[in-house]
Amino acid sequence: MKVVSPSTMREIDRRAIEDFGVPGVVLMENASREVAAAVWRIWERVKDNRRIPPKVAVFCGRGNNGGDGFGAARHLANMGFEVRVFVAADPTEITGDAAVNFEIVRRMGIPVIPLRGENDLEKARGFYTESFAGVDALFGTGLRGEITGFHRKVIEFINEGGCPVVAVDIPSGICGLTGKILGAAVRAEVTVTMGLPKIGLLLYPGASYAGIITLADIGLPAKILDDVKAEGLLLDRQVISCYFKPYAPDAHKGDFGRVFIIAGSKGMTGAAVLAGLGAARCGAGLVTLGVPEGLNDILEVKVTEVMTLPLPQTPAGSLSIKALEPALEFARKCDAVAMGPGLSRHEETAEFVKKFVTESPVPVVIDADGLNALSEYPGMLKKAKAPVVITPHPGEMARLLSITAGEVQENRWDAVREACDRFGCTVVLKGARTLVASPDHPVSINPTGNPGMATGGSGDVLTGMIAALAARGLKCHEAAAAGVYLHGLAGDLAAREKGEIPLIAGDIIDHIHEAFKYALEGESLNGCEGQAHQGRD
Ligand SMILES: NC(=O)C1=CN([C@@H]2O[C@H](COP(=O)(O)OP(=O)(O)OC[C@H]3O[C@@H](n4cnc5c(N)ncnc54)[C@H](O)[C@@H]3O)[C@@H](O)[C@H]2O)[C@H](O)CC1
Ligand SMILES: [K+]
């Protein structure tokens, strides 16, 4: 599904109104109906425990987000709820479509209470604590800069109410582009977002403030949504299943690609095995581990479906520069390479990595120590002959961009796009809501995965999976997107069975087959996808 920035959403609204002649007040009407319907659903859930008449508090700002709130207040009053509208603005500032709906609220006799200072909030407290739901219509896509002063107090007041809050379009205070909290933000149980999801709803911390995201069809002409160049793409089973074609009945293993995984060093054979099994489970025809020769015998015992290729090693038991020629020669017979898991930080091994990456005849997925080897001169990624995918976690990304991990996390969206521009390759920024940026493509946002997957070896599995998908013929951005989605889903399925705390990387491998069933065969996994799309801390 397409995901947009607030400015693109404003452009969509503008086209609907100016190019197609859809009156803004019609869009607002549809938006406000959807908000009221979301409140109704909460009422259906809680009504047994509540006294009649049920109360709803609607908090409105002066813009069109507030306008959606006024409209919702009308529908909620028509449904029979006792509604009060709290306006955190001077009523004379309310203009346009919002003013139309404000005037209707006034004429209907719905109480409108201005919020101008802390005294007003104290007076509002009684009604709000008796309400079964609140509506947050203070700020939407029009929010600029930090929320300060009294508006901040209003947001804190909304959060202290103790009842579920429905946010209109975006929880007030969340940046629709980055997901950052701009001073203070409303914690919603549900966010009803208009037309298309905004990026900031899907990135943390915004995602945990948005709660469950409901997409409202507000009557925007489909052609505008089809034509729009969205900045983001939310990965889901529809997107992923398009990347896979059914097997031809006469298929043989040569059709599904050969993967060469260059991994491992003394003490880190497990990383190689995990990457190898991740690749094998993603349907690669043949998987070969290129490993320091001294480890070959051990690995032969550890793996069955995966082959090994012993390569020259340093005295420390890591790959030596002499491995370059044999590795390149083997790569010529393969369709994709994964490089990095457990390679160690040995200087000579880093030399090998740098030379291999520039010379590789087939796409290379680079992770872990592979990235460490490149972090001094990441610009050399642009010199690679074949397409490259890099899979940094925030710390590795920070080293590649010469910034801090905190700065990466503060604006993951910009960081992943910056790396993609600078290095000219597909970039997978790992972490909650993994992002995939690829030249000339929208940034993919992955909703699957859970904190239990932050465990040793999890990234090695992903590297192998992406390489296998690339070897099967998927383009780099498709392989990366499908890899992160299936990896996260396998992790969600594993966590459902074993719990997040005990989860180990091998459990992810053990659930890849189920993730495929769900993504490609449409098998229902009892709401697992629903969980994956919910905001969480
Ligand atoms: N445009 C449409 O056709 C539709 C829009 N919908 C809804 O409208 C909002 C966007 O409305 P907009 O009027 O552009 O902005 P906001 O309501 O979000 O509020 C902006 C309001 O607040 C002031 N402001 C901005 N930043 C700050 C700040 N940091 N502190 C204090 N005040 C601030 C600013 O001056 C504006 O006056 C969108 O989200 C939808 O909810 C409908 O959905 C239908 C169609
Ligand atoms: K809002």
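1. A residue is called buried when its relative accessible area is under 20%. In this predicted model, Cys163 has a relative accessibility of 11% and therefore counts as buried. Cys175, at 18%, falls under the cut-off too, so it is also classed as buried.

2. For Cys163, the nearest cysteine sulfur belongs to Cys60 and is 15 Å away, so with a cut-off of 2.5 Å Cys163 is in no disulfide.

3. Ligand 2 is a potassium ion, coordinated by six protein atoms at 2.6 to 3.1 Å. Side-chain atoms come from Asn65 (OD1) and Ser172 (OG), while Asp136, Phe139, Val168 and Ile170 each contribute the atom O. Along the sequence, the donor residues follow the spacing N-x70-D-x2-F-x28-V-x1-I-x1-S.

4. Ser172 has 0% relative accessibility, so it counts as buried.

5. What is the geometry of the potassium site? The site is irregular, with angles of 67 to 172 degrees among its six donor atoms. For comparison, ideal angles for six octahedral donors are 90 or 180 degrees.

6. Ligand 1 is surrounded by 21 residues, and the closest are Arg62, Asp68, Gly140, Arg144 and Asp169. Several polar distances to oxygen atoms of this ligand can be given. A polar side-chain atom of Arg62 lies 2.8 Å from one ligand oxygen, and for a side-chain N or O atom of Asp68 the distance to a ligand oxygen is 2.7 Å. Gly142 takes part through its backbone, with an N or O atom 2.9 Å from an oxygen of ligand 1.

7. How much of ligand 1 does the protein bury? Taken alone, the ligand exposes 880 Å², and the protein buries 80% of that.

8. The side chain of Asp507 makes a polar contact with the side chain of Lys498, at 3.0 Å.

Conventions: Residues numbered from 1 in each chain as written. Chains lettered and ligands numbered in written order. Predicted model: local features only at pLDDT ≥ 70, side-chain atom pairs only at ≥ 80, totals over all residues. Heavy atoms only, no water. Donors = N, O, S within 2.8 Å, 3.2 Å for Na, K, Ca; no water. Tetrahedral: all angles 85-135°; square planar, octahedral: opposite > 155°, others 65-115°. Buried < 20%, exposed > 50% of the residue type's maximum accessible area, 1.4 Å probe, protein only. Near = heavy atom within 4 Å. Polar contact = N/O pair within 3.5 Å; in protein donor to acceptor, adjacent residues only side chain to side chain. Areas by Shrake-Rupley, 256 points an atom, 1.4 Å probe, with all protein chains shown as cover.
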